[in-house]
Amino acid sequence: MRRLTALCAATAGAALVLTGCGSSDSSGDRTVTVTGTGKVQGTPDVLNADLGTEVSAADVSAAVNQANDKAKAITDAMVTAGAKREDIKTSDLSVQPTYGTDGHNITGYRATNTMHVAVRDLPKASGILSAAVQAGGNDTRINSVAFGLEDNTKLLSDARARAFDDAKSRAEQYAGLSGLKLKTVKTISENGSGTTPTPKPMYRDTAPGAAPSINLEPGQQTVTFTVTVAWDMG
């Protein structure tokens, strides 16, 4: 009888040790780490354009003076059409010699005066660019035109929330496949965000001397956010 009691006690002691080991192991490094992505679309709120003038003349002074006069005319025309003067700034000035067919003799000079304009009142954007082209005439150069999101705070917040929800959904799936459940969040790491640009607008020529009809399509811009989250599982 004493031997049986002792054997039961020893067996119970062994079971307690095994349970303790199992408990220690289950509360160890059982984690799941996933990356979630959130995307939100929004309407652009600003148009950024780089444009200016390019003229050729027989000497440097004439080329520079003509480029300056055309640039001023373009600037004034854009302001009259609704652009804010403080949103127009010179971005590039250059003067280069032009050569004859032999490639050695200088035949004149080419001057460029380029400016950047930001249009925040988008309904006026087409008229502003039309006025610029009309004021500069054949010497007008439009280098780039693109819509953007100047204030994307709300869109980023929504994209961030969607990214976290996506990460949590993935983590719950992995936990379920492992026969476990998510517990507390261990770490959250933002991997960054980005904005998908819309295609550049184009402009169409019209009759000489008339204001060109510029077709602008703002479209939608996509804000993407990614986040990496680690959870304990149990």
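Some ground rules before we start. Residues are numbered from 1 along each chain as its sequence is written, and side-chain values use heavy atoms, with hydrogens and water left out. Because the model is predicted, local features need pLDDT of at least 70 and side-chain atom pairs count only at pLDDT 80 or more, while totals for chains, interfaces and linings use all residues.

Let's begin with the sheet. Helices (H or I, at least four residues) and strands (E, at least two) are DSSP runs, numbered from the N terminus. Four strands form an open sheet in the order S3-S4-S2-S5, and the pairing is antiparallel. Two strands pair if DSSP finds at least two bridges between them. Which strands stand at the edges? They are S3, residues 88-99, and S5. Each has a single partner strand, so one side of each has no neighbour in the sheet. From one strand to the next, the twist averages 15°. Axes here are lines fitted to C-alpha atoms, for helices over the stretch in contact, and angles run from 0 to 180 degrees between N-to-C directions.

Now look at S2 and S5. Eight bridges join them in the antiparallel sense. Leu51 stands opposite Ile142 in S5. Helix H2 packs on the sheet and touches S2, S3, S4 and S5. Its direction makes about 150° with that of S2. Contact means heavy atoms within 4.5 Å.

Next, helix H3. It runs over residues 125-136, which is 12 residues. From first C-alpha to last it reaches 17 Å, close to the 16 Å expected at 1.5 Å a residue. That expected span is 1.5 Å times one less than the number of residues. Buried means under 20% relative accessible area (1.4 Å probe, protein chains only), exposed over 50%, partly exposed in between. Buried residues of H3 include Ile128, Leu129 and Val133. What covers the buried residues? Among the covering elements are S2, H2 and S4. Just after H3, Gly137 takes a positive phi of about 60°.

Last stop: strand S9, residues 221-233, where we find Thr222. Why does Gln221 count as buried? Because its relative accessible area is 2%. Its side chain reaches the backbone oxygen of Phe147 at 2.8 Å. Thr222 also counts as buried, at 16% relative accessibility. The side chain of Thr222 makes a polar contact with the side chain of Gln41, at 3.4 Å. A polar contact is a pair of N or O atoms within 3.5 Å; within protein, one must be able to donate a hydrogen and the other to accept it, and residues adjacent in sequence count only if both atoms are side-chain atoms. Thr222 and Thr43 are 179 residues apart along the chain, with their C-alpha atoms separated by 8.9 Å.
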